[in-house]
There are 2 protein chains.
Amino acid sequence: MLRVAVLVSGGGTNLQAIIDAVEDKTITNTQIACVISNNKNAYALERAKNHGIMEKCISPKDYETRAAFEDALLNELLEQKIDLVVLAGFLVVIPPKMIEAFRNRIINVHPSLIPAFCGTGFYGLKVHEGALQRGVKLTGATVHFVNEETDGGPIILQKAVAVEEDDTPETLQRRVMEQAEWKLLPQAIDLIANEKITVVGNKVSISK
Amino acid sequence: MLRVAVLVSGGGTNLQAIIDAVEDKTITNTQIACVISNNKNAYALERAKNHGIMEKCISPKDYETRAAFEDALLNELLEQKIDLVVLAGFLVVIPPKMIEAFRNRIINVHPSLIPAFCGTGFYGLKVHEGALQRGVKLTGATVHFVNEETDGGPIILQKAVAVEEDDTPETLQRRVMEQAEWKLLPQAIDLIANEKITVVGNKVSISK
């Protein structure tokens, strides 16, 4: 069983997609070991409780230094013997020490087709604002491993989503979530849990 | 009837896709008025002849200065009363004077999902080499109007194409042509011929 930690900051709709996929067995060989939020008011923590999943708030506010917070987060993952860390709307920069300790074992979902509309400055609604400003007809989402470069890690899965004539950043954000993010993230976890994924350099191979 | 000039430099597979679409009425209200090549040996010229389409070589080699070549090209388009210029593998930088004279009446197909793998340096196989190096799982093609910025004009249509495990730049290039370029280019011409397209700023609206 792959022991997964899901890191969240907000509502946790991506978390819910993962919980649902584990419960309906779209994801196999996987246990959501814990949900960790940097924000004690995140509704994602309620979602975890509702499904009997261990949840914990680890907030920078409760530590004297950033380093102490980062150590607490990393230690929690190590103590829980986590195999895979899933960033599901976690608004904290991942410390280099954690990337090092969990090389190719941290995944993130980004709401665009990387390398479009990614990197520093492209987060949340800004990604969709960028896509609408450029007038693209296709956008989408990307699940990738996290490395030292923002949105620069090996790409696991991508899915395209059509931009509609009357889209606002908000409607586009919602459609990308529904049509891409909520599908790709469970799919990527299942592939990792079932050892279908090999990373060579910056490339991901998926076996059948 | 929309009078179209197709500008080519090589084999002309995109030209063939357009000819076929006009003949089978996938494209309506359109006449291919002429095919112009900068290279007298381009097989695209043979394709035009085979279908009774006027063809002409306008080569920089036949003019004393670049400006004289550019004027000859522009004059040909004006004399032929061309409504739409289609770049179908035309390896010549479009002169600013021609962009100005044919504002939002020149279209190009680029073999990626713009803004990924586009701009200076990304042409031909280099586009696909870039996609494979980054390890993307989706690429595709984009049809756009030509403005002063390389691959920076208003986007008309985009279509995604999956990257396969064993792709080389060559196999990927071929699949992007077959699955995207040869479909998008005729579709864009048909939309323009049937007045379904409005350009506002850098954005294209498509009416039903």
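1. Salt bridge A:E76–A:K56. In this predicted model, the side chains of A:E76 and A:K56 form a salt bridge at 2.7 Å, N to O; the term requires a side-chain nitrogen of Lys or Arg within 4 Å of a carboxyl oxygen of Asp or Glu. A:E76 belongs to helix α3 (residues 66-79) of chain A and A:K56 to strand β3 (residues 55-57) of chain A, so the pair ties together parts that are 20 residues apart in sequence. Helices (H or I, at least four residues) and strands (E, at least two) are DSSP runs, numbered from the N terminus. Over all chains, the rule gives 16 salt bridges.

2. Extent of the interface. Chain A contributes 27 residues to the contact and chain B contributes 27 residues, where contact means heavy atoms within 4.5 Å. About 2,000 Å² is buried between chain A and chain B, 53% of it on carbon and sulfur atoms; buried area is the accessible area (1.4 Å probe) that two parts lose on being put together, summed over both. A:R134, A:K137 and A:L138 account for 30% of the area that chain A buries against chain B, more than any other three residues.

3. Between chain A and chain B the rule finds 0 salt bridges, but 18 residue pairs in polar contact, both at pLDDT 80 or more. A polar contact is a pair of N or O atoms within 3.5 Å; within protein, one must be able to donate a hydrogen and the other to accept it, and residues adjacent in sequence count only if both atoms are side-chain atoms.

4. Elements on the chain A side. At least two residues each come from α5 (125-134), β7 (155-162) and β9 (203-206) of chain A, and β7(A) gives the largest share, 6 residues. By residue class, this side of chain A has 14 nonpolar, 7 polar and 6 charged residues. Ala, Val, Leu, Ile, Met, Phe, Trp, Tyr, Cys and Pro count as nonpolar, Asp, Glu, Lys and Arg as charged, and the others, Gly among them, as polar.

5. Lining by class and strand. The lining of the largest cavity comprises 14 nonpolar, 3 polar and no charged residues. β6 (138-145) of chain A and β6 (138-145) of chain B each supply at least two residues of that lining.

6. Basis. Residues are numbered from 1 along each chain as its sequence is written, and chains are lettered from A and ligands numbered from 1 in the order in which they are written. The model is predicted, so that local features need pLDDT of at least 70 and side-chain atom pairs count only at pLDDT 80 or more, while totals for chains, interfaces and linings use all residues; side-chain values use heavy atoms, with hydrogens and water left out.
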